[in-house]
Amino acid sequence: MSQVRVGLLGIGTVGSGVWRVLQRNADEIARRAGRPIEIVAVADRNVERAQEIVGREAIERGVVVTAEAAAVVARPDVEIVVELIGGTSAAKALVKAAIAAGKHVVTANKALLAEHGGEIFAAAQERGVMVGFEAAVAGGIPIIKALREGLAANRIEWVAGIINGTTNYILTQMQMRGIPFAEALREAQALGYAEADPTLDVEGIDAAHKATLLASLAFGVPIQFERAYVEGISAVEARDIAYADALGYRVKLLAVARRRADGFELRVHPTLIPKEHLLANVNGAMNAVVVKGDAVGQTLYYGAGAGSEPTASAVIADLVEVARLMNATPSQRVPHLAFQPGELVTLPVLPIGACRTSFYLRLQVADEVGVLAQLARVLADEGVSIAAVIQKEDGVAEKGIAELVLLTHESEERRVRSAIARIEQQVWVRGRWAALRVEHLQ
Ligand code: NAP
Ligand code: HSE
């Protein structure tokens with residue numbers, strides 16, 4: 001059978017991994033796909049660097065290297081366009097142009113799909129082409145394949161995961177080596193984990209892009225990134241990581257999509273997870289996702305969530321799937337969002353105030369008789385039940401002030417917020433609060 005011809009847009013961290021793995025494992029991949037998969041044209045702004053990666057031998061063989069991504073999309077010999085330039089403006093125009101030209105697309109671009117996926121998948125459906133995006137969530141972990149196919153029998157109840165390698169790397173290094181946030185971020189960037197704009201990682205936006213896609217695949221709902229609740233790790237303090245440790249928890253940036261009767265929770269935030277839970281032991285740039293289905297129970301997916309070849313592994317898996325199915329009729333293919341396009345249901349994303357978790361609260365108070373009782377009273381008035389309280393003197397420089405760390409039982413977030421607002425007005429409160437959610441994932 002003739003080869004499948006691919007146009008590669010962007011040969012940076014992920015693109016260069018795709019190039020290398022496709023060359024190295026060409027025979028193995030062809031045996032799986034049923035035909036060879038060949039990159040015939042590469043576009044990258046930095047043509048010199050792209051030529052270096054592609055190599056003289058391939059260029060002499062006829063592989064085109066250009067700065068013009070649109071020219072690669074328009075080439076009549078390109079059947080699949082692999083978009084690895086990132087961002088949402090040029091990438092969107094190129095992906096839409098590829099679809100309009102009847103070409104299949106493979107992308108690792110979660111920002112593009114979380115923000116414009118509805119439009120892109122509708123266009124692909126209309127044109128009868130596939131859009132593969134396994135690499136867009138959790139790097140090399142085949143979580144999209146699992147949700148779309150392996151778990152198809154289940155009503156998915158919740159999905160929770162560590163799905164940003166950069167922030168997990170940072171939190172792990174801060175905890176294990178005691179290094180500052182900025183140094184750990186520099187290391188993550190050097191290792192190729194971070195987005196071009198690392199605030200997307202650090203502020204939780206990248207994880208929210210991915211969580212949005214997971215929620216759609218899990219519950220059969222339209223993509224609703226703008227409704228996700230997002231909180232990053234830039235405000236997490238080293239002493240909260242240390243206090244959490246003393247209480248038996250690790251702090252992780254956790255993404256949660258949980259189905260409830262009245263809608264679903266869709267949120268990303270730093271979270272205390274019990275040390276004995278498998279997710280608490282996912283370190284460095286590794287990612288892990290737990291899916292709870294009604295029939296199967298909990299299943300766990302673990303692996304490299306970022307980096308050149310782990311992400312390339314997922315991109316090439318999509319290329320193999322497209323190569324196998326490109327001649328099938330569209331109805332024989334797996335739907336983009338796991339459910340048939342006409343079967344997506346509108347389930348509202350619940351506001352963060354309606355979400356239910358336990359809380360870790362840290363505050364400084366006047367070290368006086370009766371303060372703890374008053375604090376407990378306000379929480380009780382709001383229906384928030386205390387699970388544990390510890391008083392720390394070592395974190396406080398000033399005499400007469402005590403630092404309190406509380407764990408609450410599960411409660412609606414708006415009640416906790418209302419209690420915090422009331423406590424903040426008390427004369428015995430000193431300094432700033434820390435409030436972090438706690439998930440037991442049972
Ligand atoms: P990257 O290293 O910055 O590579 C992107 C490449 O595309 C760069 O060489 C860039 O050139 C080039 N480029 C950008 N805009 C272009 C345009 N309009 N025309 C031609 N070339 C263009 O990024 P990456 O880390 O490989 O990420 C690529 C995509 O994969 C992103 O969507 C990212 O979110 C996703 N992803 C990345 C990882 C990871 O671990 N890195 C994992 C999963 C998913 P310049 O260098 O000159 O800008
Ligand atoms: N910047 C992303 C991360 C890349 O750190 O997880 C993988 O999507």
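## Helices H9 and H10

The crossing of H9 and H10 is right-handed, that is, the near helix is turned clockwise from the far one by less than a right angle, anticlockwise being left-handed. The contact draws on Thr166, Tyr169, Ile170, Gln173, Met174 and Arg177 of H9, together with Phe181, Glu183, Ala184, Leu185, Glu187 and Ala188 of H10; contact here means heavy atoms within 4.5 Å. Sorted by class, these residues are seven nonpolar, two polar and three charged. Ala, Val, Leu, Ile, Met, Phe, Trp, Tyr, Cys and Pro count as nonpolar, Asp, Glu, Lys and Arg as charged, and the others, Gly among them, as polar.

H9 spans residues 165-177 and H10 residues 181-190, and the two pack at an angle of about 130° with their axes 9 Å apart. The pair is therefore oblique; angles under 35 degrees count as roughly parallel, over 145 as roughly antiparallel, 65 to 115 as roughly perpendicular and the rest as oblique. Axes are lines fitted to C-alpha atoms, for helices over the stretch in contact, and angles run from 0 to 180 degrees between N-to-C directions. Helices (H or I, at least four residues) are DSSP runs numbered from the N terminus.

## Basis of the model

The model is predicted: local features need pLDDT of at least 70, side-chain atom pairs count only at pLDDT 80 or more, and totals for chains, interfaces and linings use all residues. Residues are numbered from 1 along each chain as its sequence is written, chains are lettered from A and ligands numbered from 1 in the order in which they are written, and side-chain values use heavy atoms, with hydrogens and water left out.

## Loops on either side of H10

Gly178 lies in the loop between H9 and H10. With a relative accessibility of 58%, Gly178 counts as exposed (buried means under 20% relative accessible area, exposed over 50%, partly exposed in between, with a 1.4 Å probe and protein chains only).

Glu195 belongs to the loop between H10 and helix H11 (199-202) and, at 24% relative accessibility, is partly exposed. Beyond its neighbours within four places in sequence, Glu195 contacts Lys110, Leu200, Asp201 and Asp206.

## Helices H7 and H12

Helix H7 (residues 110-127) and helix H12 (residues 205-219) have axes that come within 9 Å and cross at roughly 55°, which makes H7 oblique to H12. Lys110, Ala111, Leu113, Ala114 and Glu115 of H7 meet Asp206, His209, Lys210 and Leu213 of H12. Four of these residues are nonpolar, one is polar and four are charged. The crossing of H7 and H12 is left-handed.

Thr212 also lies in H12 and, at 1% relative accessibility, counts as buried. Residues up to four places away in sequence aside, Thr212 touches Ile223, Gln224, Phe225, Ala228 and Leu266.

H1 passes H14 in a right-handed crossing.

The chain is divided into domain 1 (4-141 + 308-342), domain 2 (143-304) and domain 3 (356-438), with bounds from an automatic or database domain assignment. Taken over C-alpha atoms, the centres of domain 1 and domain 3 are 51 Å apart.
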